Amino acid sequence: MDEVAVRQMLEYVDESVIYHSQDTEHMKNFLGFLSKLRSSASVANKILIYGYEPNATDVRTAEDWNMLGVRVLHQERVIHNVKRLEGKKRGYEDRILYDITATDGVGKPFMQYGDVGLFTERVLLYPPCPIRFLENAASGKGKAEYNQEEQVIEVTNGFSSELEVSHLVLRESAHHFLREKLETDTKRYNRRAHAIDAFSVAYAICLRFGVQPPKLDNIQPAGGLKASDLLEIFSALDYAIEKVSDQIERGPDLKRIAENRRRMEQRLGSEKKKEDARKEEPKVDLGEPPKLPEMGR
């Protein structure tokens with residue numbers, strides 16, 4: 001991919017991220033797109049996908065489709081993505097993708113939860129971090145809040161409906177992953193600054209799984225931000241959406257993996273303690289060993 005094409009596509013991404021963050025309706029449209037899409041692409045490339053195919057639901061290369069036994073029927077419905085090359089071949093490559101509607105494949109939509117109770121159960125059973133259930137809040141109303149110091153979601157009684165529980169626990173799950181994505185050694189996660197982002201994640205997750213989303217009146221990022229700052233926010237949003245979605249879709253598997261990892265770490269920790277104890281055992285002075293007689297060789 002030549003430098004001119006790369007620059008044009010990256011400029012398009014910058015312009016689009018500003019466009020999508022203009023107001024609540026623009027944000028809702030893009031969040032709705034993210035909620036439908038199955039793709040591991042970066043959010044910058046998802047913006048490009050949206051530009052080429054705003055109704056895309058499952059986007060892959062022709063090679064990836066072929067590996068699944070699916071043929072691309074409409075070569076003209078190409079979606080361009082930018083792939084950064086590493087190592088000796090530094091630069092960019094045009095990664096050509098096709099939506100499933102350009103193939104003979106059958107789509108695999110996200111599960112739609114007609115029963116809010118089942119969805120709420122899934123959200124509570126497989127959170128990204130432990131949930132700590134507390135007594136009623138002072139206000140008497142249900143409350144959920146991510147405690148980032150202890151990395152637990154604290155939930156009180158008093159919710160008016162299962163839907164409200166889902167909305168608030170999803171929001172707090174989003175805070176868990178937003179912190180994971182945004183916090184570095186030099187930048188502490190600010191919950192209040194990312195409140196809108198967490199609500200946006202909850203909104204997209206509900207759309208993805210066919211549950212009534214929370215009402216959002218003002219979800220666009222703060223005005224005056226540069227395209228690079230907005231892209232960072234959108235990247236964190238996309239990361240949190242996919243992580244929370246994964247918890248809901250693959251909850252039992254992820255829970256089992258986490259438990260196996262915990263057991264492995266415990267076993268390795270126990271073995272290390274034993275090894276350290278052996279190293280610390282006092283050495284016994286056995287004295288000088290007997291000397292062989294001088295017999296020659």
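1. A residue is called buried here when its relative accessible area is under 20%, exposed when over 50%, and partly exposed in between (1.4 Å probe, protein chains only). By that rule helix α7 is mostly covered, with ten of its 14 residues buried. This is a predicted model, in which local features need pLDDT of at least 70 and side-chain atom pairs count only at pLDDT 80 or more, while totals for chains, interfaces and linings use all residues. Residues are numbered from 1 along each chain as its sequence is written, and side-chain values use heavy atoms, without hydrogens and water.

2. The buried residues of α7 include D197, Y203 and R208, and the elements that cover the buried residues include α2 (24-36), α5 (116-125), α6 (162-182) and α8 (227-249). Helices are DSSP runs of H or I of at least four residues, numbered from the N terminus.

3. At 1.5 Å a residue, the 14 residues of α7 (residues 195-208) should span 20 Å, which agrees with the 20 Å between its end C-alpha atoms; the expected span is 1.5 Å times one less than the number of residues. Just after α7, G210 takes a positive phi of about 70°.

4. Helix α1 (residues 3-20) packs against α8 at an angle of about 70°, with the axes 9 Å apart, and this makes α1 roughly perpendicular to α8 (65 to 115 degrees). The contact (heavy atoms within 4.5 Å) is made by V13, D14, V17, I18 and H20 of α1 with A227, L230, L231 and F234 of α8. These residues divide into seven nonpolar, one polar and one charged.

Definitions and conventions. Helices (H or I, at least four residues) and strands (E, at least two) are DSSP runs, numbered from the N terminus. Axes are lines fitted to C-alpha atoms, for helices over the stretch in contact, and angles run from 0 to 180 degrees between N-to-C directions. Angles under 35 degrees count as roughly parallel, over 145 as roughly antiparallel, 65 to 115 as roughly perpendicular and the rest as oblique. Ala, Val, Leu, Ile, Met, Phe, Trp, Tyr, Cys and Pro count as nonpolar, Asp, Glu, Lys and Arg as charged, and the others, Gly among them, as polar.
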